[in-house]
Amino acid sequence: MVFVMLEFSDTTKTKKGSTVHKDADSELYEAGVINTPDPFGKFFLDVLGKMEPPTSSRLNSRKRRKDGSGPNGATELDGIPPKMSRRSLGLREPAPFSDEVEIDYSKPYIRVTYEEAVRGTPLDRPVRVYADGIFDLFHSGHARALMQAKNLFPNTYLIVGVCSDELTHNFKGFTVMNENERYDAVQHCRYVDEVVRNAPWTLTPEFLAEHRIDFVAHDDIPYSSAGSDDVYKHIKEAGMFAPTQRTEGISTSDIITRIVRDYDVYARRNLQRGYTAKELNVSFINEKKYHLQERVDKVKKRVKDVEEKSKEFVQKVEEKSIDLIQKWEEKSREFIGNFLEMFGPEGALKHMLKEGKGRMLQAISPKQSPSSSPTHDRSPSPTFRWPFSTKTPPSSPANRSRNESAVTYDISEDEED
């Protein structure tokens, strides 16, 4: 048989004297939450499925202590002790309404002191903290306030009261969301354990006793309403007030201000999405004006797109022209270099002409016979005689001696003629 053990901070002694950790079903059985200590019971399996792994919980708590922050990333400014050993159950359903929760009034209810609450209460006796509000356009500021209220004490049961439309419209003003929407929004906040519908504007002793409230959580700024400078004054005097911190920069009034400031933008957007002018409470003239503005904006957008595309085209043309100029310069330098190499002072053409001239001269003037060859084997070659002159052209010194006989022979022939 395999037993599943979960580690807790509490330990017990076995008969042999060894120390072991209590498992989860023992804790719940001793607290009176379940009726059987069977670790394989249906309730234990459901709870085990909803509980976070203990190892990750210990690692997260160590990391938070190292970073100096409280649970869920909260800091000391939120009014939460930085060191806190607390197990949170994963929620799968919205928080129930107070009239749906059964309370055993047969057991006497004694309020816990602030010191006892901070020190930690038993599992079956959580500290019941109450927080109320309008919660119109539920936003992160509301969620952070409820998070602070939930984490005021190690073992907290958070009850949230939401005022009705009638009460809110009389004392504060018109709301954007109706009461059912506001109830539903608060129900689905992970920090809320119970929701009170149609909550009172001023807390009475009867209301506090009915819901067995230990502390009331709210920001410490005096809340003047219903003819009072501070509706929580009597709660503070009774020592039941637990302050929280407001989240600056976000509130229902801020969100409404943004909508009013940009009313035209949101009205035009909703008209595009299919809402009628009657649903938006827009007059006929304003409706036509919004449609005209929408058309003008479309034309402006098209012009802007064309302008951007033309800029991109011009930029691409400039890049291409620069590339072409660079390539032309490279080709022109290459062409000039080849031209100079061919037709320059020391170019290849000059060498070719020199070689051709030499070959032509060699072809025109025959080669001289070598000096070692015998003269009687070869008939005398006719000599060229300059016109109107009896002298032969000058000859080189090497051939002068050899041609003397020919010169003498020529002269004798002329004399005979």
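This report describes the salt bridges, nonpolar cores and cysteines of a predicted model.

**Salt bridges**

A search of the whole structure gives eleven salt bridges. Three of them are listed below with the separation of their nitrogen and oxygen atoms.

| Salt bridge | N to O distance |
|---|---|
| D214 and R125 | 3.2 Å |
| K150 and D193 | 2.5 Å |
| R182 and D165 | 2.5 Å |

D214 pairs with R125 at 3.2 Å between the closest N and O atoms. D214 belongs to the loop between α8 (205–210) and β6 (215–219), while R125 belongs to the loop between α4 (114–119) and β3 (127–133), so this bridge ties together parts that are 89 residues apart in sequence. Both D214 and R125 are buried.

K150 and D193 form a salt bridge through their side chains, with N and O 2.5 Å apart. Because K150 is in helix α5 (residues 140–150) and D193 is in the loop between α7 (179–187) and β5 (194–197), the pair connects parts that are 43 residues apart in sequence. K150 and D193 are both buried.

The bridge between R182 and D165 has an N to O distance of 2.5 Å. Here both partners are helical: R182 lies in α7 and D165 in α6 (residues 165–171), so the pair ties together parts 17 residues apart in sequence. Residues under 20% relative accessible area are classed as buried. R182 is therefore buried, at 0% relative accessibility, and D165 is likewise buried, at 16%.

Elsewhere, salt bridges link D220, D230 and K236 in a network.

In soluble globular proteins, nonpolar side chains tend to be buried together. In this model, the largest nonpolar core contains 25 residues, and V129, L146, L158, V160 and V192 have the most contacts inside it. At least two residues of this core come from each of β3, α5, β4 (156–162), α7 and β6.

What does V129 touch beyond its neighbours within four places in sequence? Its contacts are A149, L152, F153, T156, Y157, L158, I159, F215 and A217.

Another core, of 15 residues, lies apart from the largest one; Y130, V196, A199 and Y232 are among its members.

**Cysteines**

How many disulfides does the model contain? The count is zero. For a pair to be counted, the two cysteine sulfur atoms must lie within 2.5 Å.

Definitions and conventions: Residues numbered from 1 in each chain as written. Predicted model: local features only at pLDDT ≥ 70, side-chain atom pairs only at ≥ 80, totals over all residues. Heavy atoms only, no water. Salt bridge = Lys/Arg side-chain N within 4 Å of Asp/Glu carboxyl O. Helix = DSSP H or I, 4+ residues; strand = E, 2+ residues; numbered from the N terminus. Buried < 20%, exposed > 50% of the residue type's maximum accessible area, 1.4 Å probe, protein only. Core = buried A, V, L, I, M, F, W, Y, C linked by side-chain atoms within 4.5 Å. Contact = heavy atoms within 4.5 Å.
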